[in-house]
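Subject: Structure handover

Hello,

Here is the structure I promised you. Please open it and keep it on screen while you read my notes.

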Number of protein chains: 2
Amino acid sequence: MVSKAKSKKNLPEALSKLADEVIAAANKGRTPSLDIPVRSLANVRFNETKRYIEMGDAKQAREFFNVNMAKKFMQTLLVAAACRQLEDEGKTTSIRDLFYMIKHRIDGSSENTVDTQDESDVVIEDLEVTASFIREELNLFAENKGAMAGELTLVDSGDTIDARAVGSGGWAIPSIVEEHVIQFKKCTAEFVLLIEKGAVWHRLNQDKFWKKHKCIILHGGGQPPRGVRRLCYRFVNELKLPLYVYVDNDPWGYYIYSVLKQGSINLAFESQRMAVPSARFIGLSSYDPEKFGLDKKSTAIGLDDGDIRRAKEILAYPWFQSKAWQKEINYMLANGVKYELEALTNKSISFVTEEYLPRKIKEKDWLD
Amino acid sequence: MVSKAKSKKNLPEALSKLADEVIAAANKGRTPSLDIPVRSLANVRFNETKRYIEMGDAKQAREFFNVNMAKKFMQTLLVAAACRQLEDEGKTTSIRDLFYMIKHRIDGSSENTVDTQDESDVVIEDLEVTASFIREELNLFAENKGAMAGELTLVDSGDTIDARAVGSGGWAIPSIVEEHVIQFKKCTAEFVLLIEKGAVWHRLNQDKFWKKHKCIILHGGGQPPRGVRRLCYRFVNELKLPLYVYVDNDPWGYYIYSVLKQGSINLAFESQRMAVPSARFIGLSSYDPEKFGLDKKSTAIGLDDGDIRRAKEILAYPWFQSKAWQKEINYMLANGVKYELEALTNKSISFVTEEYLPRKIKEKDWLD
């Protein structure tokens, strides 16, 4: 059982307040309703000062006595009640489990409270923005992915994990990494390196890169899941460590970096708890193949139409408007090729740990 | 760096032998050639005695002086040389990295040694069967997935991992779990429970199911990757623990169980190192919803055409011919519905750990 939070905001209070307002309205003979912040693109903007994507203030009333809203209104209260139950029992559950928790045939009807998980997922997001708790604080988790090793000791649910001694496998990063679950202890790391791919993380771990270069290495198995992003956020904000992102040289690599740094449009609400505006892109840059003498014939992969379209979209994002980034993306488009992290293996097995990353770090050869 | 094996078969010797035969043939003016076991369906059979899928003895000569074979012949030697280099340097690498390791433009031509990873992957499988080493022994790994917790202490690459204290995340299961990497120490477990889904594993871990029921719990994030299968094999064969498999009640759940138990047709060669014929299917059975009073209206999902086709295929497999299994699969087809592991949450959050699994184990309610 997860121990109760010390620093956690008061979830039971927030959820009770929601319910109390509904009851109060009913008692006064008014239409019970909830004010739900609008999660559409129109209510999302890039905050140039904070350097992350955030939501605006627009809200919409969700009313009980409205044929179009009654079902969603009920679902919102069901999800809130389930989250309250999880909190009271000190448990967490997946969003799939939550769907089954609240799914029931409505008495005397042939209607279900929810029919598909899509319905409960949307309501979870509504509740996140309405109650100002991210889903991990609501005790809900996504499938976890990713692993970690390096110069940090932490406590996870009462167990002390010395990430300097987690073997070849590493510590599996859970989906919920909030303070009441994970506490940081002795940190001897000087930076954090987030790696796109598990296979590349494995090479760095096997070469004990984290020991030689005093760092924490972690990966998220492709697009990092929320637990990994949130952990990076905590490393940067609590341990004051710089974060370097190491991804494929392709538009998807740029995008992974961008989501870590500015957050995403779809989940703009969560940027202030997840985005790391100080994150640095350490590679692969479109200029690296020349700089490091990669054999292009053996390692370059032609951009396909999807890559080119995506690169052009990214080129237009407000947060990629610096000269350096425009140069970087345009150079990829001009060359017409992309490179995977594994391409460095064409030089030698440990080229990435012995030459590539040490030189990039030493020369401060990254993009902000 | 991975310490050299004690118990490992001699890989350098086996690879050198391969090369020596090629050189000897060349020196004698004969056509250099390799005898590669045939990996087609025709050379695969279910061994009724051993209860797993195995390869037959058919072999095919791969010759250097044959226009259709020359390139593959060269690729086979390149892969063998790369594996020898990994062994000499005490390193492991992904099959993607291996592709880049051996990819080069052939001097004086416009041909590459390999163009796509498909080519090197096929050759890896050829080398596995020819040299009688599974890929993990050739120092090659797949993307790793899955986590573990429970009543076992192990050593991973020199680090001691007490799986009783691995937090909410767990120990990330590496892709290579051979004896020279992972050694088992103090085991207080009485059985092993392999869970299909990470989210369900998380529930069991949070409820410390492994502590109360003296077991090891692990998951493979869906279809278990090779590392997880190989680890289960070692638990059963070295620690003499029974293995229970806990999967969705659908044809894909049956199939996951089946691959663990009998191996797969595609990788029949590896069954003798991976298959666990004693594995038991603990659920979800098609009879469980009634037995445990599940609300069918809230939890049953209709079988689609793909499910029905797959169930009928599985019904015909030689290793599903027992009366109990025929009854199980036919009952799913007759009901026309399937159930996910998460469906148990409809009863209550910890129904799986407090009622379902304890009763199934107590009543020995499983399928062999």
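First, a term you will need. A crossing of two helices is called left-handed if the near helix is turned anticlockwise from the far one by less than a right angle. By that rule, the crossing of α12(A) and α13(A) is left-handed. Bear in mind that this is a predicted model.

**The helix pair in chain A**

Two packed helices are described by the angle between their axes and the distance between the axes. Take α12(A), residues 305–316, and α13(A), residues 323–335. Their angle is about 165°, and their axes are 10 Å apart. Angles over 145 degrees count as roughly antiparallel. The two helices α12(A) and α13(A) are therefore roughly antiparallel to each other.

Which residues of α12(A) and α13(A) meet? From α12(A) come Ile308(A), Ala311(A), Ile314(A) and Leu315(A). From α13(A) come Gln326(A), Ile329(A), Met332(A) and Leu333(A). By class, the contact has seven nonpolar residues, one polar residue and no charged residues.

**The helix pair in chain B**

Now look at chain B. The axes of α12(B), residues 305–316, and α13(B), residues 323–335, come within 10 Å. They cross at roughly 165°. That makes α12(B) roughly antiparallel to α13(B). The crossing of α12(B) and α13(B) is left-handed. Ile308(B), Ala311(B), Ile314(B) and Leu315(B) are the residues that α12(B) brings to the contact. They meet Gln326(B), Ile329(B), Met332(B) and Leu333(B) in α13(B). Seven residues of this contact are nonpolar, one is polar and none is charged.

**How the two chains are related**

Two copies of a chain are related by a rotation about an axis and a shift along it. Here, a rotation of 180° superposes chain A on chain B, with 0.0 Å of shift along the axis. The RMSD is 0.0 Å. That is the relation of a two-fold axis.

**Where the chains touch**

How many residues does each chain give to the contact? Chain A gives 47 residues, and chain B gives 47 residues. On the chain A side, six elements each supply at least two residues: β5 (93–94), α3 (95–102), β9 (159–162), β10 (171–172), α5 (198–206) and α11 (296–299). α5(A) gives the most, with five residues. The chain A side divides into 17 nonpolar, 18 polar and twelve charged residues. Of the interface residues of chain A, 100% are also interface residues in chain B, so the copies meet through the same surface.

**A sheet of three strands**

Chain A has an open sheet of three strands, in the order β9-β8-β11, with antiparallel pairing. β9(A) and β11(A) (182–187) stand at the edges. Each has a single partner strand, so one side of each is left without a neighbour in the sheet. The twist averages 25° from one strand to the next. β8(A), residues 152–156, pairs with β9(A) over four bridges. One residue pair to find is Thr153(A) and its bridge partner in β9(A), Asp162(A).

In chain B, three strands also form an open antiparallel sheet, ordered β9-β8-β11. Its edges are β9(B) (159–162) and β11(B) (182–187). The twist averages 25° from strand to strand. Four bridges join β8(B), residues 152–156, to β11(B), and these two strands run antiparallel. Val155(B) has Gln183(B) as its bridge partner in β11(B).

**A hairpin in chain B**

Next, find β2(B), residues 44–47, and β3(B), residues 52–55. They run antiparallel and are joined by four bridges. Asn47(B) stands opposite Tyr52(B) in β3(B). Four residues lie between the strands of this hairpin. Arg51(B) takes a positive phi there, near 65°.

**Backbone details**

Which kind of peptide bond joins Gly283(A) and Leu284(A), cis or trans? The bond is cis, and omega is about -10°. Leu284(A) is in the loop between β15 (280–283) and α10 (288–291) of chain A. In chain B, the bond from Gly283(B) to Leu284(B) is cis, with omega near -10°. Leu284(B) is in the loop between β15 and α10 of chain B.

One more residue in chain A. Lys208(A) has a positive phi, near 45°, and is a residue other than glycine. Lys208(A) is in the loop between α5 and α6 (209–212) of chain A.

Best wishes

Key
Residues are numbered from 1 along each chain as its sequence is written. Chains are lettered from A and ligands numbered from 1 in the order in which they are written. This is a predicted model: local features need pLDDT of at least 70, side-chain atom pairs count only at pLDDT 80 or more; totals for chains, interfaces and linings use all residues. Two residues are in contact if their C-beta atoms, placed from the backbone, lie within 7 Å. Ala, Val, Leu, Ile, Met, Phe, Trp, Tyr, Cys and Pro count as nonpolar, Asp, Glu, Lys and Arg as charged, and the others, Gly among them, as polar. Axes are lines fitted to C-alpha atoms, for helices over the stretch in contact, and angles run from 0 to 180 degrees between N-to-C directions. Angles under 35 degrees count as roughly parallel, over 145 as roughly antiparallel, 65 to 115 as roughly perpendicular and the rest as oblique. Two strands pair if DSSP finds at least two bridges between them. Copies are superposed by least squares on the C-alpha atoms of residues with pLDDT of at least 70 in both.
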